Amino acid sequence: MNMKLKKILQCFVWLLSAGLFAGAGASAATKTVMKVDRYGELYYYSGNPVVTIRSNVSAVDKNAFDNVKTARFVTSGNPYLKSVNGVLYSKDGALLIKCPTEKQGSFTVPSTVKKIAACAFEDCRELTHVTIPDSVTSIGSEAFRNCSLLRSIRLSNYIKVIPESAFYDCSSLATVNIPATCEKILSRAFIRCQSLTSISLPDTVSQVGDSAFSNCLSLKKARLSKKMKQIKPCLFKNCTELQTLENAGNIEDISYEAFKNCVSLKTYPFSGKLDRIGSEAFQNCIELGTVTIAKGVTSIWTDAFNGAASKFVVDSGNPEYSSKNGMLLDEKGNWLIQAPIAMTGKLAIPKGVKSIYRKALAQGRFTSISIPEGVTRISTDQFKNCENLVSIELPASLAYIGQTSENLNLRKLKSISVSEKNEKYHTVSGAVFTKDNSSLMFFPHGKEGSFTLPSVCKHVNRQLKFNRLSSVRVSKKSKYYSSANGILYDKKGKRILALPMNKKIYQLSATVRDIGYINNVKSDLKCQAVKVNSKNNHFSSKAGVLFDADSKTLVFYPPKKKGAYSIPASASYISGNAFDDAQKLTALTITKNVKRSRYSTFHFRDCLNLKKITVKQGQLNYISMDFSGCSKLSTLTFPSTIMTTDLHGLPEGITIRGWKNTYAKESAEGAKGKFISLGTIPNIVSGAKIRKIIDKYQLSWNALGEASGYQVYTSYSTIKDLKGSGNTSCFIRDAYKDSTIYIRAYKIVNRKKVYGKARSISID
C-alpha cells in the first residue's frame, strides 16, 4: 500500500476512534472540559453531551452541569458512580445524582433510590411525567427546576420536606398531590408554576416557606394546613386568579406581601387567632370584600390593605383599631389607616380624624372626598389613581399641601374646594391657591376649557403639568409669566412653563428658546402638529414637525401625528429622543443625508404603532437604536453602509433586511427573528499603510479586484470617495490626527454602491 495513503487511513481511524470514545454524534471541534478538585468532586463540566465520568471522580457538585446539554452519562470503570439508561447514580443506586437534560417523556425513578440529589432534574425541559417511588425519603433543592414541560409528578408517600425551589418554574405542572407525611414546604418550592390551578396542603404540614406559591398565575383555590400558624412573606404574591382560601382559622401572622396583587381574591377568613398583618399583605386585592378585624389583632401595617377591600369592620373590643363608615382607623379615630377602595359615591371621612396615611385613599372608586376639620396636612399623591374622583372638599384646618410632579391619574377631577374659613388657602376657578394667589397648590387635572392664572401668581409648582385644558393664560399685568396662543411662558417668553394638554396643534411664539418642558410631558400630549412663528430664530417647523432654525436637526416629533414619515432631505441630524412616545407613527424612513451625531442613540421608546423603519444608504455608517415598548415593530431595513447596528429592545420575531457580513444578521438572530439578505458586501481591504509626506498623510492599501471604488471616512464624515479598483491611495490633512480612519471598498450593484467591511487605521 502506498505509504502516504496508509498514513491518511491511520489518521482517519484515529479520529474515528476518538470520536466514538467521546460519544456518538460528537464533533471533532467539541472540546470537553472536566474540572475535579483534590477531594475528587467534579465541579465543572462543558463540552460533549455524552458525559464520560472518569475514574478519579467520586462526587458531583450540584452545579457542575449548569447550562450544559447532557444526553447521557457513561461511568465505565468508575468505582463510585454508575449510570443506568444514561442516568447517573451512586454505585449502590441509593442516590439519583443527575438525569440528562435531553431525557424525554415519562420517567420512573428506580425503587433502589432513597434520595434525589439537588438539581438532579434541573433543566430537563422535555420530561412530561415523573414517578417517585415510596423508597425515596429525601429530595434535594432545585431538583426539578425549569422542567418546563413537566405536567404531573407522583411524589413518594414518605417525603417529609419539599425543599427550596424544588419545582421552580415548572410552568406546565397542572396538579400535584402533597403526601400526608409532608411536614415542610420550603421557600420558592412551587414559584412560577403557572399551570397549577389548586393546591391542598395536608394537616401534617406545619411550615410553608417564603414565596412557595408566588406567581402561580392559574391558581384559583388553596387549602392551608390546620397546623400552619403563619403565612410567610410573598406566599401567594401575584397569584392573580386566586379566589378562595380555605382552612385559615389557625393563622396568627400574615407576613408582608403574602397576597399582594391577588386581584381576584374575594374573601379571606380573618380568624380570632390572627394577631398581625404585615406590610402590603393584601395590597391591590381589588375584589376583596368585607375585612373583619377581630379584637386580638394588635398590629396592622399601614399599607397592608392599600388598594383593597369594600368595607372594614373592627371588633369593638380591639385595643388598637376601630372602624367607622366602613373605614379602618386607629383605636381613638385620629388616624385614617385605610379607606375601602370599592366604596362608591361620596367618601365622608369621619369627624375626629386628624391625619391620613399616605396611600389610604389611593385607587379609590369614590367620586368625591370630604376631608374633615382637624386634618392639617395632605399630599396631592394621596389621591393617586382615584380614577372616578370628580371633586374634593378641603377643611378650614388645612395648613399644608404636599406636592408631587408625577401623573396622579385624576382625569375626572373637575374641582377642589376649600372652606372659606381657611386662613392659608382658597379656591380660584376650581383650583387651590395660597390665600394671596402667589402659588398654585393643587390643580384639578380633569378641568377642561381655558384657565387663567391670577396676575400675582408667582409659582405654578408643576401643578399644570397634567391637565385637560385647551388654553392656559395669564394677564399682561403679570410680572412673572406671559402667555401666547394658550401656552404659558416665563415673562420674557423664552421658556415654556405649561401647555394646554388637550390642544392638538401648538403655535410656538417668536421668542421661545427652550422646549425642554414639551419633552417632559410628551407621552400625555394630544399634540398632532407644532407650528412656529416665522420670526423665531431658534426653531422652525415642517409638516407639523419641529426642527432647529436651519431645519438641519429634527428635535421633536408630535406624539399623536398619524401615519408614515420620511425625514426631509434638508435634515442632517435627529435628536436622540425626538421620536420617543410617537404613539401614532406607523413607519419611518431615515433618508440619506442624516448623519451620526456624537454619542447619540435614536430612541423610539413607546412608539406603540410603529411597524417599519427603513434606513436609506447615505451618511450613516453606524446606528444605535432603542425600541423599548415597540411591540408592533416588524421590519427593519439597513443599507450596506451600516456595518454595525447597536439595537436595544427589539421585539421577538422581527424581520431585518440587510447585507451579509454586516451585523444585521446577528441583530435578527439575537431577537429570535428573521434575516433577509439583500446581497453580499465586498471583502475587507488589506495592506493598509499610512505615511507622512511633508505636511500631509498618505494612505495606501492593496487593490481589491471586485471593487468599483473605495471610501475613506471617519465615524462622522466622508473624507474621500475614490473611483476605480486601482485607485488605492490618497492624501489627507493633518486635521485627522488622533482620529480613527476607515477604508472600505464598494461595488456597484443595480447602479447603487454596496460597501464592504472597513479597515481601520489611526494617525497617532
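Colleague: Is Phe 65 buried or exposed?

Modeller: The model is predicted, and its relative accessible areas are computed from it. For Phe 65 the value is 5%. Buried means under 20%, so Phe 65 is buried.

Colleague: Which kind of aromatic pair do Phe 65 and Phe 73 form?

Modeller: A search of the whole structure gives 28 aromatic pairs. In the pair of Phe 65 and Phe 73, the centres are 5.2 Å apart and the planes make an angle of 80°. Phe 73 counts as buried at 1% relative accessibility. An angle over 60 degrees counts as edge-to-face, so the pair of Phe 65 and Phe 73 is edge-to-face.

Colleague: What is the arrangement of the rings of Phe 144 and Phe 167?

Modeller: The ring centres of Phe 144 and Phe 167 are 5.2 Å apart, with 5° between the planes. Planes under 30 degrees apart count as stacked. The pair of Phe 144 and Phe 167 is therefore stacked.

Colleague: How many residues apart in sequence are the parts that this pair ties together?

Modeller: Phe 144 is in the loop between strand 12 (138–139) and strand 13 (152–154). Phe 167 is in the loop between strand 14 (161–162) and strand 15 (184–185). Both Phe 144 and Phe 167 are buried. The parts tied together by the pair are apart in sequence by 23 residues.

Colleague: Over the ring of which residue does the charged end of Arg 145 sit?

Modeller: Two cases of a charge over a ring can be named here. The charged end of Lys 522 sits over the ring of Phe 556, 4.7 Å from its centre. For Arg 145, the distance to the ring centre is 3.9 Å, and the ring is that of Tyr 168.

Colleague: With the side chain of which residue does the side chain of Ser 540 make a polar contact?

Modeller: Ser 540 is in strand 46 (residues 539–542). Its relative accessible area is 16%, so Ser 540 is buried. Beyond its neighbours within four places in sequence, Ser 540 is in contact with residues including Val 532, Leu 546 and Phe 547. The polar contact, at 3.2 Å, is with the side chain of Ser 551.

Colleague: Which strands stand at the edges of the open sheet of four strands?

Modeller: The order in this sheet is 29-31-33-35, with parallel pairing.

How values were computed:
Residues are numbered from 1 along each chain as its sequence is written. This is a predicted model: local features need pLDDT of at least 70, side-chain atom pairs count only at pLDDT 80 or more; totals for chains, interfaces and linings use all residues. Side-chain values use heavy atoms; hydrogens and water are left out. Rings of Phe, Tyr and Trp (its six-membered ring) pair if their centres lie within 6.5 Å; planes under 30 degrees apart count as stacked, over 60 as edge-to-face and the rest as tilted. Buried means under 20% relative accessible area, exposed over 50%, partly exposed in between (1.4 Å probe, protein chains only). Helices (H or I, at least four residues) and strands (E, at least two) are DSSP runs, numbered from the N terminus. A charge sits over a ring if NZ of Lys or CZ of Arg is within 6 Å of the ring centre and within 35 degrees of the ring normal. A polar contact is a pair of N or O atoms within 3.5 Å; within protein, one must be able to donate a hydrogen and the other to accept it, and residues adjacent in sequence count only if both atoms are side-chain atoms. Contact means heavy atoms within 4.5 Å. Two strands pair if DSSP finds at least two bridges between them.
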